[in-house]
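My notes follow in the order I looked things up.

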Amino acid sequence: MKLFFLTFFLFAFGTAVAASFDGVTEPIAQAKIGFTVPGKIDRIWVKEGAFVHKGDTLMNLVKTEEEIRVHMTKIIADDYSGIASSKAKMDTYLKDYYAIKKLYETSNSVSEEELWEKQMNFDISRADWNAAKVNKIKDSLEHRMARAQLQKQYLIAPFDGEIVSISKNTSESVEALEPIIEIADVRTCRMTAYIIVNKASSLKIGQQVNLQLNSGKAKSKKGKIEFISPVVDKASLLRTVKVIFDNSDKSVEPGVTGKIQIK
């Protein structure tokens, strides 16, 4: 009889009982993206359901004016004739100045006014040369700005993932910052749950936990804790815990509910 009560006591009080807490899943990378400028859609490069890589072009606006501006500014930026001309003029005035200066110092055939005039011509030509170099820098910057404006006409994938939805068609107009394409990478997912304080206090970031996911048939997966809220909700005394889990087999549809199991 004593052995029976001892066994019961150990089972009831000495064995850790697992607890489970409800959570909801989401892709670790998901975004609704759009253009930063208004315009009209010229071409859609992808379809819903397609897998894309970071940097891939998803869509572009009509960009005729921007392409012309890039071409024009490149012609101007590549034209160094103004710098070459002002440099040649400066070199000529410098030679004249040295020649007159030498005559002024060795003979009386050149007046001080003539020397001053040659020096003034050289100083002006040097200023023109410096101004030409500054203008060339401005031309290069304007070309870079034109190229940057052209890049805004393209919608680029921010990360690897699948196209979830496309809300616009070719030839439709779009506003700046209007969400047009939704993209998600479901290969790695996150479950967010709210856990009572006495259970959450024993958890650590990086700790592995078991997950039960309600995706069609219940599926079991292992996950790793990536975040534990440093504060506790005053009303519910719950703590936010986020768990990352591998979904490369795509067996779980992000958005489904599940449970985090904690001993």
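**Entry 1: a bridge to start from.** I began with Arg43 and looked for its bridge partner, which is Asn60 in strand 4. I kept in mind that this is a predicted model.

**Entry 2: the neighbours on one side.** I then looked at the two strands as a pair. Strand 2 covers residues 39-44 and pairs with strand 4 in the antiparallel sense. I noted three bridges between them. Ile41 stands opposite Leu61 in strand 4.

**Entry 3: the neighbours on the other side.** Which residue of strand 5 is the bridge partner of Asn60? I found Tyr154 there. Strand 5 takes in residues 154-156, and strand 4 pairs with it over three bridges. This pairing is antiparallel too.

**Entry 4: strand 7.** I went back to strand 2 and looked for its pairing with strand 7. Two bridges join them, and the two strands run antiparallel. Gly39 has Val174 of strand 7 as its bridge partner.

Entry 5: I could now write down the order. Four strands make an open sheet, 5-4-2-7, with antiparallel pairing. Strand 5 and strand 7 (173-174) are the edge strands, since each pairs on one side only. A reminder to myself: strands of a sheet pair through backbone hydrogen bonds.

**Entry 6: strand 4 again.** Is strand 4 largely enclosed or open? I checked residues 57-61, and four of the five are buried. Strand 4 is therefore largely enclosed by the rest of the structure.

**Entry 7: helix 3.** I moved on to residues 81-106. Helix 3 has 26 residues. From its first C-alpha to its last it reaches 38 Å, close to the 38 Å expected at 1.5 Å a residue. I listed its buried residues: Ile83, Ser86, Met90, Tyr97 and Ile100. What do they pack against? The buried residues of helix 3 pack against helix 4, residues 112-151.

**Entry 8: a surface patch.** I looked next for nonpolar residues on the surface. Trp116, Met120 and Ile124 form a nonpolar patch there. Together they have about 310 Å² of accessible area. I recalled a general rule: an α-helix has 3.6 residues a turn, so residues three or four places apart point the same way.

Entry 9: I picked Ile124, which lies in helix 4. Is Ile124 buried or partly exposed? Its relative accessibility is 44%, so it counts as partly exposed.

Terms used. Residues are numbered from 1 along each chain as its sequence is written. This is a predicted model: local features need pLDDT of at least 70, side-chain atom pairs count only at pLDDT 80 or more; totals for chains, interfaces and linings use all residues. Side-chain values use heavy atoms; hydrogens and water are left out. The expected span of a helix is 1.5 Å times one less than its number of residues. Buried means under 20% relative accessible area, exposed over 50%, partly exposed in between (1.4 Å probe, protein chains only). Contact means heavy atoms within 4.5 Å. Two strands pair if DSSP finds at least two bridges between them. Patches are made of residues with over 30% relative accessible area and no salt bridge: like charges are joined within 9 Å, nonpolar side chains (Val, Leu, Ile, Met, Phe, Trp, Tyr) within 5 Å. Accessible areas come from the Shrake-Rupley method with a 1.4 Å probe; for residues, only the protein chains shown count as cover. A salt bridge is a side-chain nitrogen of Lys or Arg within 4 Å of a carboxyl oxygen of Asp or Glu.
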